[in-house]
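Please study the sequence and the structure shown below. The paragraphs that follow lead through them step by step.

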There are 2 protein chains.
Amino acid sequence: MSRVCVLGAGSWGTTLAIHLAATGHDLTLWGNRADELARIEADRENRKFLPGIALPDGVKVRPELEAALERAEFLLFVVPSQAVREVAERVRAVGARGVPVSASKGLEHGTRRRLSEILAETLRDETPVVITGPSHAEEVSRAIPTSVVAASADAGRARAVQGLCSTRQFRVYTNSDVAGCEIGAALKNVIAIAAGVCDGVGFGDNTKAALLTRGLAEISRLGVALGGLRETFFGLAGMGDLIATATSRHSRNRWVGEQLGRGQTLEQALASMVMVAEGVHTARAARDLGRANGVELPITEQVCAMLFEQRPPRAALQALMARDLKSED
Amino acid sequence: MSRVCVLGAGSWGTTLAIHLAATGHDLTLWGNRADELARIEADRENRKFLPGIALPDGVKVRPELEAALERAEFLLFVVPSQAVREVAERVRAVGARGVPVSASKGLEHGTRRRLSEILAETLRDETPVVITGPSHAEEVSRAIPTSVVAASADAGRARAVQGLCSTRQFRVYTNSDVAGCEIGAALKNVIAIAAGVCDGVGFGDNTKAALLTRGLAEISRLGVALGGLRETFFGLAGMGDLIATATSRHSRNRWVGEQLGRGQTLEQALASMVMVAEGVHTARAARDLGRANGVELPITEQVCAMLFEQRPPRAALQALMARDLKSED
C-alpha cells in the first residue's frame with residue numbers, strides 16, 4: 001500500500017484515483033477548481049467528467065494542495081498539458097517529495113517540451129515516470145481490460161509504478177524509452193483529428209486505415225529525430241494508443257476532427273465540449289518541431305491548415321492523397 | 001488500355017472487375033460457378049456478393065475459361081485461397097500467358113504455401129504480382145479513397161500493375177517484399193478473428209487496441225522468420241490491412257470472431273455467411289508455421305483453440321492477458 005496523490009480531477013485523473021483507491025492505496029485527489037472538487041465530494045461522483053461512476057470510500061478529495069500532497073510517495077500529474085508547468089511549480093513550492101508521474105498526453109505550447117521534461121525541470125527530478133497507452137477513461141473506470149506502459153529512465157521507478165497500478169484488468173508494461181512514449185502519446189492525438197475528419201466527410205475504413213498507417217510512420221519519423229526508439233512507436237504507446245484514439249467514439253480528438261469534417265469550425269466544435277482536445281494544442285507544436293528538425297509531417301501540416309487556416313477538410317485530405325508517394329519501399 | 005481477365009466473381013473479384021472496366025480496360029470476368037455467373041450477367045449486378053452496384057458495360061462476363069483468358073495480358077486471381085491451385089492449374093492447361101496477379105489473402109492448407117508461390121509453381125512464372133492492403137470491396141466499389149500495394153520481385157511488373165489499377169481514388173504503391181506483403185495479408189485475418197471475439201464478449205477499444213498491437217508484433221515475428229522485411233508489416237499490407245479488417249463492420253473475419261465471442265459455435269457462425277472467412281483456414285496454417293519455425297504466436301494459438309478445440313472465448317482472452325510480459329523493451 002502506498003500513499004498516492006492524483007493531481008487533476010478530469011476524466012482520466014478521476015479514473016486513476018478510483019482505480020488506485022480500489023486497489024487499496026491511500027489516495028488523495030486534488031483539482032485546480034475548488035468548486036468542481038466540492039461538487040465531486042458532495043456527489044461522491046464526478047458528474048461532469050465521469051458520470052455514472054461512484055467514487056469508492058478510499059478516494060479522499062482534498063481541495064488544499066498541501067493537504068493533498070502530505071506524505072505522498074507518488075505524485076500523479078493528470079492535468080491538461082498546458083497546465084502541467086503551473087501545477088508542478090505549485091507542487092514544488094509546497095515542498096512535496098515523492099515520485100513524479102506524468103499521465104497526461106501533449107506537448108507544451110511555445111517551449112514544445114514533453115510533459116516529463118517539464119516535471120524534471122520544475123521539480124528538479126531527473127527520472128519522472130510516464131504512464132501512457134490505449135486507455136480511455138470511460139473503459140478503465142468500468143474495469144474493461146486495458147494495457148498501458150510505465151516508462152522511466154529509472155527502471156526501478158518504472159517497476160514501482162507498474163507494481164502500484166497493476167491489476168488483473170489493468171496491465172502495466174515497463175519501458176525505458178520515455179521520449180518515444182511521450183512523443184507517441186502526444187502526436188497520436190493530431191493523427192486522430194485527421195482520422196475524425198475522414199469520418200466526418202464520409203470516407204471509409206479503407207481510407208482511415210491508410211491514413212493511420214501513414215500517420216504512425218509520420219509519428220515515428222519525428223519521434224526518432226527527437227530521440228525516441230523506433231520500436232516504441234510500434235508498441236502500446238504508439239500504434240496501440242493511435243488505434244484506440246482514432247477509432248473510438250470515446251476520443252475527443254477524433255470527435256473534433258469529425259465535426260470539422262462535417263463542416264463545423266474549430267470554435268463551434270470546441271464550444272460543444274466539456275473536455276480538452278489535446279491534439280489541437282499539440283498539432284502546432286508538432287508542426288514546429290517537424291520544421292525545426294527537417295522532418296516531413298504531411299498529415300500534421302494538413303491538420304494545422306484545417307485547424308488554424310480554415311483549409312476545407314476535403315481539400316486537405318485530397319492534398320494528402322495526391323502526394324507523389326509511389327513506392328512503399 | 002490493357003486486356004485483363006479477373007478470375008473469381010466474389011465481392012473482391014467483382015469489385016476489381018468493375019474498377020478496371022470503369023478505368024477503361026478490356027475486361028473479362030470469370031467465375032467457377034456457371035449458374036452464379038449467368039445470374040450476374042442477367043442482372044448486370046452481383047446481387048449475392050456485391051448487392052447494389054451495377055456492372056458497367058465494359059465488364060464482359062465469360063463463363064468459359066478459355067474465352068475469358070483469350071489474349072489477356074494480366075490474369076487476376078481473386079478466388080478463395082484454397083481454390084487458387086486448382087484454378088491456376090486450369091489456367092495453365094488452357095495455355096494462358098499474361099502476368100499472374102494474386103489478389104486473394106490466405107495460405108494454402110496443408111502446404112502452408114503463399115498464394116503467389118502457388119501461382120509461381122503452377123504457372124511456372126517466377127515473378128507474379130500481389131495486390132493487397134486495406135481494401136474492403138464494399139468501399140472500393142463505392143469509390144471511397146483506398147490505398148493498396150502492388151508487390152513483385154520484378155519491379156517493372158509491380159509498376160505495370162500500379163499503372164493498370166491506379167486512379168485518383170484508388171492509390172497503388174509498389175513494394176518489392178512479396179513474402180512480407182502476403183504474410184501480412186494472410187495473418188491479419190487471424191488477428192481480426194481475435195479482435196472480433198473481443199467485441200463479442202463486450203471488451204472495449206482499449207482491449208482491442210492492445211490486442212492489435214500485440215497482434216502486429218506477432219505477425220511481424222513470423223513474417224520476418226519466413227523471409228519478409230520487418231518494415232513491410234508496418235505498412236499498408238500489415239498494419240493498414242490489420243486495422244481495416246479488425247475494426248470494420250465489413251470484415252467477415254472480425255464478424256466470425258464476434259459470433260464466437262457471443263457464444264456461437266464456429267459451425268453456427270459459418271452457416272450464416274455467404275462469404276469465405278479466410279482467417280479460419282489461415283489460423284491453422286499460421287500456427288503450424290509458427291511451431292515449425294520456433295516462433296511464438298500466442299494470439300494465433302488462442303484463436304485456433306477457440307476455433308477448433310471449443311476453448312471458451314473469455315478463457316482464451318484471459319490466457320492472453322495473463323501472460324507474463326512485464327516489459328515492452
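How many residue pairs are in polar contact between chain A and chain B? In this predicted model, the count is 14 residue pairs, with both residues at pLDDT 80 or more. Salt bridges between chain A and chain B, by contrast, number zero.

The elements of chain A that give two or more residues to the side touching chain B are α6 (137–140), β7 (146–151), β8 (170–175), α9 (205–225), α10 (236–246) and α15 (313–321). The largest share of that side, nine residues, is supplied by α9(A). Sorted by class, the side of chain A that touches chain B holds 21 nonpolar, 21 polar and 10 charged residues.

The extent of the contact can be stated in two ways. Counted by residues, 52 come from chain A and 52 from chain B. Interface size is often given as the accessible area lost when the parts come together. Between chain A and chain B, the buried area is about 4300 Å², and carbon and sulfur atoms give 52% of it. Of the area that chain A buries against chain B, 16% is supplied by A:P145, A:N206 and A:E328, more than by any other three residues. As for confidence, the model scores ipTM 0.94 and pTM 0.94, and chain A averages a pLDDT of 95, with 98% of the residues scoring at least 70.

Salt bridges deserve a separate look. Over all chains, the whole structure contains 48 of them. In one of these, the side chains of A:K60 and A:D26 meet at 2.4 Å, N to O. This pair links distant parts of the chain, since A:K60 belongs to strand β3 (residues 59–61) of chain A and A:D26 to strand β2 (residues 26–30) of chain A, 34 residues apart. A:K60 has a relative accessibility of 27% and therefore counts as partly exposed; A:D26, at 26%, is also partly exposed. Elsewhere in chain A, a network of salt bridges links A:D199, A:K208, A:R254, A:E258 and A:R262.

B:R287 forms a salt bridge with B:E309, the closest N and O atoms being 3.6 Å apart. Here B:R287 lies in helix α13 (residues 278–293) of chain B, while B:E309 lies in the loop between α14 (298–308) and α15 (313–321) of chain B, 22 residues apart. Is B:R287 buried or exposed? Its relative accessibility is 10%, so B:R287 counts as buried, whereas B:E309 is partly exposed at 46%.

Methods: Residues numbered from 1 in each chain as written. Chains lettered and ligands numbered in written order. Heavy atoms only, no water. Contact = heavy atoms within 4.5 Å. Buried area = accessible area lost by both parts, 1.4 Å probe. Salt bridge = Lys/Arg side-chain N within 4 Å of Asp/Glu carboxyl O. Polar contact = N/O pair within 3.5 Å; in protein donor to acceptor, adjacent residues only side chain to side chain. Helix = DSSP H or I, 4+ residues; strand = E, 2+ residues; numbered from the N terminus. Nonpolar A, V, L, I, M, F, W, Y, C, P; charged D, E, K, R; others polar. pLDDT = per-residue confidence, 0-100. Buried < 20%, exposed > 50% of the residue type's maximum accessible area, 1.4 Å probe, protein only.
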